[in-house]
2 protein chains.
Amino acid sequence: MSSERPAAIVLLSGGLDSATCLALAVREGYACHALTFDYGQRHKVEIECAARIADHLGAASHRVHVLDASSFAGSALTDGGEVPKDHDDPGNGPIPSTYVPARNLVFLSIATAFAETLDASDVFIGVNAVDYSGYPDCRPEFIEAFARAASLATRRGTQEATALKVRTPLLRLSKAEIVQAGVAAGVDFSLTTSCYDPGVDEHGTLACGRCDACILRRRGFEAASLNDPTRYAPGARA
Amino acid sequence: MSSERPAAIVLLSGGLDSATCLALAVREGYACHALTFDYGQRHKVEIECAARIADHLGAASHRVHVLDASSFAGSALTDGGEVPKDHDDPGNGPIPSTYVPARNLVFLSIATAFAETLDASDVFIGVNAVDYSGYPDCRPEFIEAFARAASLATRRGTQEATALKVRTPLLRLSKAEIVQAGVAAGVDFSLTTSCYDPGVDEHGTLACGRCDACILRRRGFEAASLNDPTRYAPGARA
């Protein structure tokens, strides 16, 4: 049976959103090939988390694609810059310094190449246009434009029946709804990491609790009235 | 003065088209940052040619971006497969086996990230929709769709004054016209290599003369009535 499942590529960062996205894709019946990027990010613990999540959720395979980081300079996530913290309203302001140039464009392009190689029909990405950090490449208009370019770039072409589909099941969900959807689909969120500036102790990763990603994540669990399994650094909830 | 020139990224493969494209971009007054991909292609000699061409044409910089080749399986250019030869009519048929999945999509995406990092206003790519090899990602519709996605993915946004421009000066030219434009712009075509399956002797590279790229190139010089400086393998013109 399993050889008859349609194949999908699922971008998997190791965070809450992409883990939920993978769980939803698996539940839809796809043989999911998880794809994680090592692009010189400061928070490499994400990559280990992604491997554990792929295994936990029954991905058909997990690949770590190493991206030559030198073309991605200019972000607080890849350079030594300070990660901004303690924003009251993450996402409502100018593009933050944690923005990595054209990251989703590059990730989706490589996912498209990988999809063509595996003859996968769908690429899943856990972008979200509600509780997000204000990055331009999370917008629905970008996803639509990318999908058109990807269709034109590949053998599958632009015919509706065969064109590569770019799937964004989280696009219109609040963070609380994403947490609920993930729990309902069986995601163990203690395996995920969202923090842009994590620490570590003898038991594993500690979220800072203060970067935009931590604030959005914590509020999501609170609004969903679900237990937050995140381990925070001392003083994080000050 | 040179610090005031606008910056552009120019995709440079080491072949005839991209060398001409770089020469045209330099002549337009851009500080050109040439970008070459090492994606596991069989014809690595292209990468050395690209470095010599960048130097010859006065590029502001030349970067070789190493792409994790494992996501680009499935092409005769990266696998061990046979390069097709002796086509009478290259480009008029199904997508050939030398097609690398979504290659221009990936290359342009990384060029876009690089452009954002350098605050470059333009990305030049030497695609051609006339004498080309039938790859889907050389079509004008693809380039237009990509430009829209790239604008939406980046800080520059979609405002006409600031949006990243994807420039394709060779798009509507025949191979003969490309050869003429390159010669007029000072390109030494003996530095370029187009062959998909080159050999080597004690003086350097030898083109096979029989793959689609060689056939298109040779006909271009013939139609332009210009001297072809390509060194062909013995028997190539049989």
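Start at the N terminus of chain A and read the elements in order: β-α-β-α-β-α-β-α-β-α-β-β-α. That makes six helices and seven strands. Keep in mind that this is a predicted model.

Now the packing of chain A. The chain has 238 residues, and 52% of them are buried. Look next at contacts between residues at least 6 apart in sequence. Of these, 71% join residues at least 24 apart.

Let's go to the last helix in that order. Helix H6 of chain A covers residues 212-224.

Next, backbone angles. Most residues other than glycine have a negative phi. We have some exceptions to show. Just after H6(A), A:Ser225 has a positive phi of about 55 degrees. In chain B, B:Ser225 also shows a positive phi, about 55 degrees, and it is not a glycine. B:Ser225 sits in the segment after helix H6 (212-224) of chain B. Is B:Ser225 buried or exposed? Exposed, because 9 other C-beta atoms lie within 10 Å.

A:Asp119 is another one. Its phi is positive, about 55 degrees, and it is not a glycine either. Find A:Asp119 in the loop between helix H3 (103-118) and strand E4 (122-124) of chain A. A:Asp119 counts as exposed, because it has 11 C-beta neighbours inside 10 Å.

Over to chain B, and one loop residue. B:Ala185 lies between helix H5 (175-184) and strand E6 (199-201) of chain B. With 17 other C-beta atoms within 10 Å, B:Ala185 is partly exposed. Which residues does B:Ala185 touch, leaving out those up to four places away in sequence? B:Thr20, B:Ala23, B:Leu24 and B:Arg27. Take B:Thr20. In sequence, B:Ala185 and B:Thr20 are 165 residues apart. In space, their C-alpha atoms are 7.6 Å apart.

Now the two chains together. How many residues does each chain bring to the contact? Chain B brings 34 residues, and chain A brings 34 residues. On the chain B side, the elements giving two or more residues are strand E3 (61-66), helix H3 (103-118) and helix H4 (140-153). H3(B) gives the most, with ten residues. By type, that side of chain B has 19 nonpolar, eight polar and seven charged residues.

Last point: how the copies relate. Turn chain B by 180 degrees, shift it 0.0 Å along the axis, and it lies on chain A with an RMSD of 0.0 Å. The two copies are therefore related as by a two-fold rotation axis. Both copies use the same surface, and 100% of the contact residues of chain B recur in chain A.

Key: Residues are numbered from 1 along each chain as its sequence is written. Chains are lettered from A and ligands numbered from 1 in the order in which they are written. This is a predicted model: local features need pLDDT of at least 70, side-chain atom pairs count only at pLDDT 80 or more; totals for chains, interfaces and linings use all residues. Helices (H or I, at least four residues) and strands (E, at least two) are DSSP runs, numbered from the N terminus. A residue is buried if 20 or more other C-beta atoms lie within 10 Å of its own, exposed if 12 or fewer, and partly exposed in between; C-beta atoms are placed from the backbone. Two residues are in contact if their C-beta atoms, placed from the backbone, lie within 7 Å. Ala, Val, Leu, Ile, Met, Phe, Trp, Tyr, Cys and Pro count as nonpolar, Asp, Glu, Lys and Arg as charged, and the others, Gly among them, as polar. Copies are superposed by least squares on the C-alpha atoms of residues with pLDDT of at least 70 in both. The expected span of a helix is 1.5 Å times one less than its number of residues.
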